[in-house]
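Here is a short report on charged side chains and how they pair. Look at the structure first, then read on.

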Amino acid sequence: RTVSARPYLGFGFLNALDKNIANLFVALPQQMVGALAGSGVVAYLRVALDLSAYVSLLTSAIFENMQAVVPQMIGRGELARLQRVFMRVVLALMVGGTAVYGAMAITAPWLVPLVLGEEWRPVVPVVQILAIYGAITTAGGVFGPLYRALNAMRGAITVKLIALALALPLGAWLLNRGAEGALAGAWTINLLFAISVGLTAWIALRALRRAAQAPSSPV
């Protein structure tokens, strides 16, 4: 009874808001493509996203481990050690994500017709473009546990809103300029995540550096 629930409710609200805004990064480009290019075109984008999601199963265990390990290290005050280890994880994920999704892009011309049929061959270039999205999210996904544990939620939410404000108009412009709908949607998704992950990394790593340099942080 003596512990106030207000801070926990506030964190829960911001966490839910952050995750729901992140869901818009994929949902809104699909809605935009469907509205401006037609429902038949958006099916290619949807299938390409599904294929990328299947490939992401190869890295999902890393995210689950990071969601457990990062808050534990911060709770124990091992911030300086976390700062050293975290960048190694990010670099390893950058290399691994590029390799995995690069392989997806290379094999897509053979794999897509084999699995889905020849009528889905137009999905191939969309899958190849979304390989960029896969590589970005593979490395960028580990920043979520970090900024949540460091209570940098407001900055992360602001970054996502900035990404939406910048990328969606550009995607609509591409569609209005006659770009193929599914391809324009894929490039919009890439841009959304590139802006968001880049700015989120800057915010989260800066917060970690400040916390690690605090006098109470053990080496």
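Asp-50 is partly exposed, at 30% relative accessible area. Here buried means under 20% relative accessible area, exposed over 50%, and partly exposed in between (1.4 Å probe, protein chains only). Arg-46 is partly exposed too, at 35%.

Arg-46 and Asp-50 form a salt bridge, with their closest N and O atoms 2.9 Å apart. A salt bridge puts a side-chain nitrogen of Lys or Arg within 4 Å of a carboxyl oxygen of Asp or Glu. Both residues sit in helix H2 (residues 39-55), 4 residues apart, so about one helical turn separates them. Helices are DSSP runs (H or I, at least four residues), numbered from the N terminus.

## Basis of the model

The model is predicted: local features need pLDDT of at least 70, side-chain atom pairs count only at pLDDT 80 or more, and totals for chains, interfaces and linings use all residues. Residues are numbered from 1 along each chain as its sequence is written, and side-chain values use heavy atoms, leaving out hydrogens and water.

Lys-160 lies in helix H7 (residues 153-176) and Asp-18 in helix H1 (residues 6-37), so the pair ties together parts 142 residues apart in sequence.

Lys-160 is buried, at 6% relative accessibility. Asp-18 is buried as well, at 1%. Salt bridges link Asp-18, Arg-148 and Lys-160 in a network.

Glu-118 is exposed, at 52%. Arg-121 is partly exposed, at 37%.

Conventions. Helices (H or I, at least four residues) and strands (E, at least two) are DSSP runs, numbered from the N terminus.
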